[in-house]
Amino acid sequence: MAEVTYLEAIRQGLFEEMERDPAVFCLGEDIGAYGGAFKVTEGLMERFGNHRVIDTPISEAAIVGAAAGAAHMGMRPVCEMQFIDFVSCGYDMLTNYVATARYRAFLPCPMVVRGPSGGYVRGGPFHSQNPEAAFLHTPGLKIVYPATASDAKGLIKAAIRDDDCVLFFEHKYLYRRIKETLPDGDHVVPIGKARVAREGRDVSVITYAATVWKALEAAAQLEKEDGLSVEVIDLRSLAPMDDEAIVATVKKTNRVMVVHEDTVTGGVAGEITARISELAFEWLDAPVRRICAHDVPLPYAPVLEDFVLPQTADIVRGLRWLAAY
Amino acid sequence: MSTPSAVLESDKSHTLSSAQQLELYYWMRLTRTLEERLVALYRQTKVVGGLFRSLGQEADAVGSAYALERRDVMSPLIRNLGSMLVKGATPLEILRQYMARGDSPTRGRELNIHFGDTERGFIGQISHLGDMVPVMAGVTLSFKLRGEDRVGLVYVGDGATSTGAFHEGINLAAVQRCPLVVVVENNGYAYSTPTYRQTAAENFVAKAPGYGIRGVREDGNDVLAVYQVTRDAVERARAGEGVTLVELVTYRRKGHAEHDNQSYVPPGERERWAEENDPIDRYRRILGQNGVAADELAGVDARVSAEVDAATEEAERSPMPEARDALLGVYAEPPAAAELWFRRDVDAAVDRHERPASWGTYDG
């Protein structure tokens, strides 16, 4: 089997789910004839027609709201945000309408909102965001953010089959930079289950998305240079969050670093840290620390962006501090 | 504000039988009587949240919803109690809902008439105005995608037309030629804001050409005219002719909610509408001219009163929700949210009524 990219893996997942279930359809800006800004939906319109791959006006609120309405009626819409930064324009519809629908009105809302996320691409403040924390706080939404091609395919399929709304964050830095041979057959990855990306004994990194790769780089370097055994946990799903996997790694290494690309204050790392404090305080030999982006909008110039975002060297430094504590 | 002088094209060809005409009267009377009962319950503090009246707007709610078939789907607004009754919501459900009972349509989760039932074809609104327009664009898009012979109708008020969601939703529906009717109920006020502070447009039907859709304006207090104009829009939607914006001109005689003293309303305005343009009075006169005897209308009134009495008695016997029901059903899976550590093995969240008066007054 040939290796496929993270981007191609998402497209395969969409394609297979549209083949499998006629209720699945896509809507978004420039996703049809053009195939999407990053070409994730390329070829879908040719295969499934413009009634199942719908080009919409520039209207994120209407994309999300219309998806909800169609979902109530038994469809399974997949919305594309051209860049995930624009999901803020649909924030009201997602948090007030979609997230509450099942609870307040017993209305099923099986839909996916997906889009290119994240930085390290010189995208500047409005084409680099990681808005997952803004939604983690809203009961009723599920959030996944895969780091590998295999998980990207397996999770988009799981998201489409889920009976609630799933926000599917795709890291655009990873789109064409990582490749792997995907499992055969109907490959579905369960939502809510973390993955041990690297086994280790001495310290743990809990992370997700692009920083999984930075943590793995740091782990390899520390093993070679310091003989340090670093465990890397890839959460994959943020809501629901895999508490068992978090507690298991705390009990194993007793030293935990939480890493993500989003800004530090009010970010997901704070939630993970609180859970560790509540569920596994006695198992800690060191304070839980965070390596995340600085609290500034993401700047454009390479030297600025590199400074603001967490880098492999930061994780190496942080883990050395933690191991020595 | 006065009654509309300019009524644009309206096809008056949809005739109603005398039984149907009497049915319209029944729904309008039921709406008003039920709301009057709710006011009494509100004053007895049995309605635990706000109370929203549609006094004077019964014709626009009832006449427009009556133009839909059972298979069609409608999304009401806060002053569309009448529309919901026409679509099959029952007085018992409304009463239980307002009184936050455990067997109410939302099991005590939502307030007032915020509930729906896709079987009967109405979808519960949320408080964020305009949001139901994109949702109904999607509902009707699904009808189009599956080739179903169904139409959608969404109510918005004059205020909601100022939201981004209204614009995005109606534009998407127009581009997709969804079978959707957008009813703009222009009742003169959005909370305290008069229409002229809501839009610089002459009227709301003027917005329709900007979306490339048909727009019609009608006297919202004439139930037969409302029915006609909506039925026409519904049939056009069913025939694949796309979206129609229907502006119904009416007047909100009560405040935004029951607490609102309407200090912003010019003196005499409410009284004039009540006296000269009450939709039920007007319709009674029309029915009288059509040969319906006063006795017959009195019979409907008596039937409505009996139904509301029976529903009230039953609703008052309804249980309050079980507290732990609050944790169920945020997601299909997992089925329940976890109970927080400080609430485990605790029977009730509050031992006694907790009063703000005691907060911050530590006297130890």
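Predicted model: local features only at pLDDT ≥ 70, side-chain atom pairs only at ≥ 80, totals over all residues.
1. Overall size of chain A. Along the principal axes, the C-alpha atoms of chain A fill a box of roughly 60 × 40 × 40 Å.

2. A word on conventions. Residues are numbered from 1 along each chain as its sequence is written, and chains are lettered from A and ligands numbered from 1 in the order in which they are written. Local features need pLDDT of at least 70 and side-chain atom pairs count only at pLDDT 80 or more, while totals for chains, interfaces and linings use all residues.

3. Inside chain A. You will find eleven helices and 14 strands here; these are DSSP runs numbered from the N terminus (helices H or I, at least four residues; strands E, at least two). Of the 325 residues in chain A, 58% are buried, meaning that 20 or more other C-beta atoms, placed from the backbone, lie within 10 Å of the residue's own.

4. Two domains in chain A. Domain 1 covers 4-180 and domain 2 covers 195-324, with bounds from an automatic or database domain assignment. Their centres, taken over C-alpha atoms, are 26 Å apart. Domain 1 of chain A brings 24 residues to the contact and domain 2 of chain A brings 23, where contact means C-beta atoms, placed from the backbone, within 7 Å. On the domain 1 side, the elements giving two or more residues are helix H5 (132-136), strand S6 (142-144), helix H6 (149-161) and strand S7 (166-171) of chain A.

5. Where the chains meet. Chain B gives 32 residues and chain A gives 29 residues to the contact. On the chain B side, helix H5 (132-145) and helix H6 (164-175) each supply at least two residues, and H5(B) has the largest share, with nine.

6. A covered helix in chain B. Do have a look at helix H4 (residues 91-98) of chain B: eight of its eight residues are buried. Just after H4(B), B:Ala100 takes a positive phi of about 60°.

Technical notes. Contact = placed C-beta atoms within 7 Å. Buried ≥ 20, exposed ≤ 12 C-beta atoms within 10 Å, placed from the backbone.
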